[in-house]
Amino acid sequence: MPSSLDLRCYFVTGQPAADVARVASAAAAGGAGVIQVRSKPIAEPALERLACEVADAVAAANPRTRVLIDDNVPLAAHLMQTHHIHGAHIGLDDMDPRAARELLGPNAILGLTTGTLALVEAANAYADVIDYVGAGPFRPTPTKDSGRAPLGLDGYPPLVAASKVPVVAIGDVHASDAAALAATGVAGVAIVRGFMRAEDPRAMAAGIVKDFEAAS
């Protein structure tokens, strides 16, 4: 994992798309280490415009915050050359991680979706080319129906113990869950709706980072 990658507070963008750059900027200013640009369904030209808007807003708010693109590795590789974009997040059904790494290059960030012990163990085969895994859902969530059973707090320690790379919890995670999830050993929490609906995304991000600092 790159030394500059801070997974503690991880914002996955949602709807409405018109609010995404503003929320991403505020979250980055509050200390979010990663912003993942995800907006489904979306055509590639619209995704490119959104990614560029987010990248520019985040670069101005906090240059230390990394910006990733969900699923679209070729687009991420292209935009890394011109914008504040640092890699991609994929599922095993989207693209082979080794092919993704080859496209992105050795210095990019690459995340992979998991959610069960079997999926984490399968991801370990790619530990030399991925930087972290997302694991969920923590709770049932309408944002992304994986078909997997919710993990709850008790589900994370076995995944953390088995994984060769850091684990990020996702799936209806609330800011108030950060301290309890940090205690399970996860490297961070990924939040979608909580950030999109927050009155103060900057304060929310700062609180999540503070909870992880306290846990460590």
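At what angle do helix 1 and helix 2 pack, and how far apart are their axes? Here are some notes on that and on the barrel.

1. Some ground rules. This is a predicted model, where local features need pLDDT of at least 70, side-chain atom pairs count only at pLDDT 80 or more, and totals for chains, interfaces and linings use all residues. Residues are numbered from 1 along each chain as its sequence is written, and side-chain values use heavy atoms, with hydrogens and water left out.

2. Back to the opening question. Helix 1 (residues 20-29) packs against helix 2 (residues 44-61) at about 30 degrees, and their axes are 8 Å apart. Helices here are DSSP runs of H or I with at least four residues, strands are E runs of at least two, and both are numbered from the N terminus. Axes are lines fitted to C-alpha atoms, for helices over the stretch in contact, and angles run from 0 to 180 degrees between N-to-C directions.

3. That angle makes helix 1 roughly parallel to helix 2 (under 35 degrees; over 145 is roughly antiparallel, 65 to 115 roughly perpendicular, and the rest oblique). Their crossing is right-handed, meaning the near helix is turned clockwise from the far one by less than a right angle.

4. Who touches whom? On helix 1 the contact uses Val 20, Ala 21, Ala 24, Ser 25, Ala 28 and Ala 29, and on helix 2 Leu 50, Glu 53, Val 54, Ala 57, Val 58 and Ala 61 (contact: heavy atoms within 4.5 Å). By class, that is ten nonpolar residues, one polar and one charged (nonpolar: Ala, Val, Leu, Ile, Met, Phe, Trp, Tyr, Cys and Pro; charged: Asp, Glu, Lys and Arg; polar: the others, Gly among them).

5. Helix 1 has another partner, helix 9 (residues 201-215), at about 40 degrees with the axes 7 Å apart. That makes this pair oblique. Val 23, Ala 26, Ala 27 and Ala 29 of helix 1 meet Pro 201, Arg 202 and Ala 205 of helix 9. The classes here are six nonpolar, no polar and one charged.

6. Now the sheet: eight strands close into a barrel in the order 1-2-3-4-5-6-7-8, with parallel pairing (two strands pair if DSSP finds at least two bridges between them). Neighbouring strands are turned by 25 degrees against each other on average, direction ignored.

7. Strand 1 (residues 9-12) and strand 8 (residues 188-191) pair in the parallel sense over three bridges. Phe 11 has Ile 191 of strand 8 as its bridge partner.

8. Helix 2 also packs on the sheet, touching strand 2 (34-37) and strand 3 (66-70), and its direction makes about 165 degrees with that of strand 2.
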